[in-house]
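Please look at the sequence and the structure shown here before reading on, and keep both in view as you follow the text.

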Amino acid sequence: MTAAMIETDAVIVGAGPVGLFQAFQLGLQDIHCHIIDALPHVGGQCVELYADKPIYDIPGIPVCTGRELVAQLQTQIQPFAPTFHLHQEVTEVTRLDDGRISVRTSAQQHFICKVLFIAAGVGAFQARKLSVEGAAELEGTHVHDRLGDASRFAGQDVVVMGGEESAVTAALKLTLEAPAPRSVTLMHRRDVFAADPVLLQAMRDAVASGKLQLQIGQPTALLSSAQHLHALQVATPDGQTIERPAQHVLAFLGLSPKLGPIAHWGLAMERKQLVVNTQNFATDMPGIFAVGDINTYAGKKKLILCGFHEATLAAFGAADIVHPTRKTLLQYTTTSTELHHRLGLV
Ligand SMILES: Cc1cc2nc3c(=O)[nH]c(=O)nc-3n(C[C@H](O)[C@H](O)[C@H](O)COP(=O)(O)OP(=O)(O)OC[C@H]3O[C@@H](n4cnc5c(N)ncnc54)[C@H](O)[C@@H]3O)c2cc1C
């Protein structure tokens, strides 16, 4: 089904810290925006790569975690109510004859906007693929990177790979399914799992009661015949190679960023980054700006603070396009009644 077309002033590609702050700066300029991200949640690298680690170099915040910074940014942009479109990748960007920009996503969503902000960081995060012999051919049929409808595994042998919360949660969920899989195995290269202690205790209890099997080791091959998986070959820590029955493998191997379709949008690039000017962080295509880790210019530093500065000047650049008849003046949030109105304070 094709989703309805949305005509809007601004679209932001990427809901990382810089994409979120871009929405704030656009709001101050009286520009509503839609934000798209490939991930099912906002926060970009801050949430995906270091959610619980401290950041010390955000002005005015001596210390906060990645997750806390993103939560604060979400609160800050609330007055401007940007519309989020998560879990979909922006696949296509083209310029229309009337100067506006057409943006399409992997969820068949179509936007027509006056200005586009690419805040895509190091690219869209995608599930890391299982790279052992025989895996590529079984992708989507016997090898999966998400649990999906667990009932499809009823009566079968399932191996869940990974040492993070997603793997532990999926394995436990499968043990509770009715009708249940014939066997559920949680497999990781070492007997150390990074998950909430309550979840870990539930996992250990399920192992003790025999509902869940634990396999420590590395996968070396998938054994199949006529495109049907029947076993997983595993190298164990004591140097043996064993076979485990498996008709399905769920591989939760983390996410890795891929620049993906951005390289094909016809924008000037240098070493996989979008070239921008430092006056308003516009790319070589009118109306398209690039902010945060995705851009490059002389002296570029991939820091959140620098991305915030870029987003601020890019919003001024966008105001000239979206409101061509208005004079874009610098106003202080402390004293401007107009900005107080936009912030919903009066
Ligand atoms: C371990 C670690 C620690 C760090 N610590 C600090 C620190 O202390 N201080 C600091 O200033 N910086 C730090 N950084 C760097 C900081 O995280 C980045 O500079 C910042 O995240 C860049 O923000 P961004 O919004 O530009 O991009 P990102 O955070 O990368 O967000 C980009 C978003 O765009 C999405 N996206 C990409 N392509 C598409 C597409 N085609 N369609 C839809 N969505 C797309 C991605 O899914 C992602 O969510 C750290 C980085 C790491 C890895």
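The paragraphs below turn to the ligand and its surroundings, and then to the strands.

This is a predicted model, in which local features need pLDDT of at least 70 and side-chain atom pairs count only at pLDDT 80 or more, while totals for chains, interfaces and linings use all residues. Residues are numbered from 1 along each chain as its sequence is written, and side-chain values use heavy atoms, with hydrogens and water left out.

Begin with the ligand, which 31 residues surround, the closest being Asp37, Gln45, Tyr50, Val90 and Asp293; a residue is near a molecule if one of its heavy atoms lies within 4 Å of it. By class, this shell has 17 nonpolar, nine polar and five charged residues, where Ala, Val, Leu, Ile, Met, Phe, Trp, Tyr, Cys and Pro count as nonpolar, Asp, Glu, Lys and Arg as charged, and the others, Gly among them, as polar.

An N or O atom in the side chain of Asp57 is 2.8 Å from a nitrogen atom of the ligand, and a backbone N or O atom of Ala124 lies 3.3 Å from a ligand nitrogen atom. Asp293 places a polar side-chain atom 2.8 Å from an oxygen atom of the ligand. Taken alone, the ligand exposes 1000 Å², and the protein buries 86% of that; such accessible areas come from the Shrake-Rupley method with a 1.4 Å probe, and for residues only the protein chains shown count as cover.

Which elements give two or more residues to the shell around the ligand? They are α1 (17-28), α2 (44-48) and β9 (124-127), and α1 gives the most, with three residues. Helices (H or I, at least four residues) and strands (E, at least two) are DSSP runs, numbered from the N terminus.

Now follow the strands, where two of them pair if DSSP finds at least two bridges between them. Five strands form an open sheet with parallel pairing, in the order β10-β17-β11-β12-β13, and its edge strands, β10 (143-144) and β13 (213-216), each pair on one side only. Within this sheet, β11 (residues 157-161) and β17 (residues 248-251) pair in the parallel sense over four bridges, and Val159 stands opposite Val249 in β17.

Strand β1 (residues 5-13) pairs with β8 (residues 110-118) in the parallel sense over eight bridges, with Met5 opposite His110 in β8. Four bridges also join β1 to the parallel strand β2 (residues 33-36), in which Ile36 is the bridge partner of Val13.

Antiparallel pairing can be followed elsewhere in the chain. Strands β14 (residues 218-225) and β15 (residues 228-235) pair in the antiparallel sense over seven bridges, with Ser225 standing opposite His228 in β15. These two strands form a hairpin with two residues between them, and Ala226 in the turn has a positive phi of about 50°. Another open sheet, whose pairing is mixed, has three strands in the order β19-β20-β22; here β19 (269-270) and β22 (295-296) are the edge strands, each pairing on one side only. Two bridges join β19 to the antiparallel strand β20 (residues 273-275), and Met269 stands opposite Leu274 in β20.

Note on methods: Polar contact = N/O pair within 3.5 Å; in protein donor to acceptor, adjacent residues only side chain to side chain.
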